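Biologist: Please put the model on the screen, and then I will ask about its fold, its core and its loops.

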Amino acid sequence: MEEIRQNGKIILHSDDGISIKMIFKNLTGRNFQGQEYAEYIRHIAIGEMGFSPGIIEHCRDGEVIGKGKIM
């Protein structure tokens, strides 16, 4: 099981082995930059997924395997 947490709360989770890693990269600006990133964060991450600006954690089987920041 993989999950993305913010402030100790699980926001997204999946066991497909792909989607959480991709979404984590989207949220931390590795897949998008500039205006495209800003719009993704505003409309998708904050507007639809329930994230807020700040630190997020990518976890696998309960262990943190990556940290990033939503700008």
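Predicted model: local features only at pLDDT ≥ 70, side-chain atom pairs only at ≥ 80, totals over all residues.

Modeller: Residues are numbered from 1 along each chain as its sequence is written, and side-chain values use heavy atoms, with hydrogens and water left out.

Biologist: In what order do the elements of the protein chain run from the N terminus?

Modeller: Helices (H or I, at least four residues) and strands (E, at least two) are DSSP runs, numbered from the N terminus. The protein chain holds two helices and four strands. Their order is β-β-α-α-β-β.

Biologist: What radius of gyration does the protein chain have?

Modeller: The radius is taken over C-alpha atoms, and the globule rule is 2.2 Å times the number of residues to the power 0.38. Along the principal axes, the C-alpha atoms fill a box of roughly 35 × 20 × 20 Å. For 71 residues a compact globule would have a radius near 11 Å, and the protein chain agrees with this at 11 Å.

Biologist: Which residues does Ile4 contact, leaving aside its neighbours within four places in sequence?

Modeller: Contact means heavy atoms within 4.5 Å. Ile4 is one of the core residues that touch the most other members. Its partners are Lys9, Ile10, Ile11, Leu12, Ile20, Ile23, Phe24, Leu27, Phe51, Ile56 and Glu57.

Biologist: Is Asn7 buried or exposed?

Modeller: Buried means under 20% relative accessible area, exposed over 50%, and partly exposed in between (1.4 Å probe, protein chains only). Asn7 sits in the loop between strand S1 (2-6) and S2. Because its relative accessibility is 73%, Asn7 counts as exposed.

Biologist: What is phi of Asp61?

Modeller: Most residues other than glycine have a negative phi. Asp61 lies in the loop between strand S3 (54-60) and strand S4 (63-70), and at 60% relative accessibility Asp61 counts as exposed. Its phi is positive, near 50°.

Key:
Core = buried A, V, L, I, M, F, W, Y, C linked by side-chain atoms within 4.5 Å.
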